[in-house]
Amino acid sequence: MNPILLKKTSLPYTLGFVFLASVATFLVTTHFSDKEANKILELKQTSDACVSNIERLEGYPFVKPLLFVDDVCEGDGLATIKQNVTSVIENYKAYKGVTTASVYLKEYERNEWMAVNEDEKFEPGSLFKVPILIAYLKMSEEAPGLLDKKLLFNQNFNIDKIVAFKSKSIQIGTTYTIRELLRYMIEYSDNNATALLNNNLKSDVLLKLFKDLDLKLPNISAKQYFFTVKQYSLFMRAVYNASYLNIDNSEYAAELLSKCNFNDGIRKGVPASVKIAHKFGESGTPSEKQLHETAIVYLKDKAYLLTVMTKGKDNVALSNLIGEISGVVYKELNN
């Protein structure tokens, strides 16, 4: 046997070894404790900065239905898309007469979002037809059979709008069900159908919709109302989440929106084989036009919501900008 192993260790040597080991253990544990504490502090700071914002529907005695869940911070996974979209916008501003543009993107697989120029305000134009659709479907939940009620279109409405993208319209002297009028309003963006629906809309239902989504209440008789791109997107998010209407009506709303016949914007950036549920709107003045579009894009087994709102001199340039932004987003998310 090794004689060294048989040699007795002196007491001072043993005590010295124990002391040194204790010091080393203290230094090591202190180092890692500090490191772990710093890590926890960093995580807490990150958590405090990017907490989830949870919106629930009020007004019920026992339940609070979940409307939306969002991180306060934009998603890191969408940073490249934001950079590329911003570059496209700046190019159109520099060379194609675009004044400004805002973009909101909600990617549902990871529940991430990003926005460009999110504080800019726009007149929605025909985008306002989506909250009217939601309000009517909400009314139908309280009054089954409402959508089959018939309304007579017996006079043209004085609609003070210059429409660049025209489509089908209801005909004078003809009776339509509310269901048919909703189709004309969404599929063809018909202002006469919308005006007839507005005359029979319960304003308190529309106002409650805005209140429930925590939006400024609209003046029904006012000629102007403004949204940021992120605010407006709440309507489409409510449809997709089936969080405001029941599931059947949410599905019906999305199906109607999928038949919108406007193909000069987001559709140009997405293959024809990909389903989209969308609505466009135009507004502004002859000197500064506004063109907007919002769409739920059903990409493979996932989906994303894209809303683009623009201002500029020429509707063709604005529609091309919307299409190019759509193409950038689709290409990145498809990959």
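## Cysteines and helix packing in a predicted model

C73 is partly exposed, because its relative accessibility is 25% and this class lies between buried (under 20% relative accessible area) and exposed (over 50%), computed with a 1.4 Å probe on protein chains only. The structure is a predicted model, in which local features need pLDDT of at least 70 and side-chain atom pairs count only at pLDDT 80 or more, while totals for chains, interfaces and linings use all residues. Residues are numbered from 1 along each chain as its sequence is written, and side-chain values use heavy atoms, with hydrogens and water left out.

**Cysteines.** A disulfide is taken as a pair of cysteine sulfur atoms within 2.5 Å, and the count by this rule is one. The bond links C50 with C73, at an S to S distance of 2.0 Å. The link of C50 and C73 is left-handed, with -85 degrees about the S-S bond. C50 sits in the loop between α2 (11-49) and β1 (52-56), and C73 in the loop between β2 (66-71) and α3, so the pair ties together parts 23 residues apart in sequence. Helices (H or I, at least four residues) and strands (E, at least two) are DSSP runs numbered from the N terminus.

| Residue | Relative accessibility | Class |
|---|---|---|
| C50 | 29% | partly exposed |
| C73 | 25% | partly exposed |
| C260 | 5% | buried |

**Helix α3.** The 17 residues of α3 (residues 79-95) should span 24 Å at 1.5 Å a residue, and the end C-alpha atoms are 25 Å apart, which agrees; the expected span is 1.5 Å times one less than the number of residues. The buried residues of α3 are I81, V85, V88, I89 and Y92. Viewed down the helix axis, these residues fall within an arc of 95 degrees, so they line one face of α3; the arc is that of the directions from the axis to the C-beta atoms. Their cover includes β3 (98-107), β4 (112-116) and α10 (315-334), where contact means heavy atoms within 4.5 Å. Exposed Q83, A94 and Y95 are carried on the face turned away from the buried side of α3. Just after α3, G97 adopts a positive phi of about 75 degrees.

**Helices α5 and α9.** The axes of α5 (residues 178-187) and α9 (residues 247-257) come within 9 Å and cross at roughly 45 degrees. Axes are lines fitted to C-alpha atoms, for helices over the stretch in contact, and angles run from 0 to 180 degrees between N-to-C directions. The two helices α5 and α9 are therefore oblique to each other, since angles under 35 degrees count as roughly parallel, over 145 as roughly antiparallel, 65 to 115 as roughly perpendicular and the rest as oblique. R179, L182, R183 and I186 of α5 make the contact with Y252, L256 and L257 of α9.
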